Amino acid sequence: MYTKIWVMIVILGIFLGSVWFSSSHAGEGKAPSSEALTNIGPALAKAYTSEPIHPAKPDHLWLDEGNDRVRLMMFSKPVSDPTAVLLFVGEGIKGRFCAESQPDGGKIGYSHFHRIHTPAGDTSMSGPKGEESYWLKHVAVGEFEMENMHYKPGTVLDIPSRRHPSVSNPSSVIRSRS
């Protein structure tokens with residue numbers, strides 16, 4: 001009888017110890033090492049070289065995924081500015097500027113249409129109905145204010161296709177989550 005109790009205590013101790021150990025280390029390993037962070041920039045710079053939009057957006061970097069899809073990163077300032085902060089990551093799907101072509105009617109975040117070729121002097125991005133270009137989805141990666149809206153990581157940018165947003169208070173951009 002004592003042996004059974006002893007075995008049960010040992011098994012319970014091992015179980016509770018493993019639960020404590022795994023939960024006490026649950027948050028570890030999620031933050032990249034400083035070496036990984038150092039390597040991210042050059043790796044992304046090599047990959048994000050596409051320019052699907054003309055004229056090129058100075059605050060965007062693009063990755064051509066193939067199959068009429070692109071990935072994007074949108075910054076607070078032109079990417080040539082060393083103080084530029086990453087605001088959004090996103091993706092684009094090639095389509096036409098009409099309701100029938102908008103992915104899931106915009107319900108899944110593809111609410112912004114951007115022309116492939118915007119004529120000089122034209123400030124619209126959406127162009128004429130039926131024009132082929134990209135439906136874009138932007139997802140916030142930090143916490144900041146823009147166009148009178150507060151963004152948190154994971155918030156999807158939902159703007160009409162008439163004009164592109166700009167950060168109204170770049171100093172409010174939070175560079176990292178704590």
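View 1. Searching the whole structure turns up six aromatic pairs, where rings of Phe, Tyr and Trp (its six-membered ring) pair if their centres lie within 6.5 Å. This is a predicted model, in which local features need pLDDT of at least 70, side-chain atom pairs count only at pLDDT 80 or more, and totals for chains, interfaces and linings use all residues. Residues are numbered from 1 along each chain as its sequence is written, and side-chain values use heavy atoms, leaving out hydrogens and water. Look for Phe-97 and Trp-135: their ring centres are 6.1 Å apart and their planes meet at 40°, so this pair is tilted (under 30 degrees counts as stacked, over 60 as edge-to-face, the rest as tilted). Phe-97 is buried at 18% relative accessible area, and Trp-135 is buried at 4%; buried means under 20%, exposed over 50%, partly exposed in between (1.4 Å probe, protein chains only).

**View 2. The open sheet.** Five strands (DSSP runs of E, at least two residues) line up as S1-S2-S3-S5-S4 with antiparallel pairing; strands pair if DSSP finds at least two bridges between them. At the edges sit S1 (60–66) and S4 (112–115), each pairing on one side only. Four bridges join S4 to S5 (residues 132–140), and Phe-113 stands opposite Trp-135 in S5.

**View 3. The largest nonpolar core.** Eight residues make up this core, among them Met-74, Leu-87 and Phe-88. Such a core is a set of buried Ala, Val, Leu, Ile, Met, Phe, Trp, Tyr and Cys residues joined through side-chain atoms within 4.5 Å. Phe-88, Phe-144 and Tyr-151 also form one aromatic cluster.
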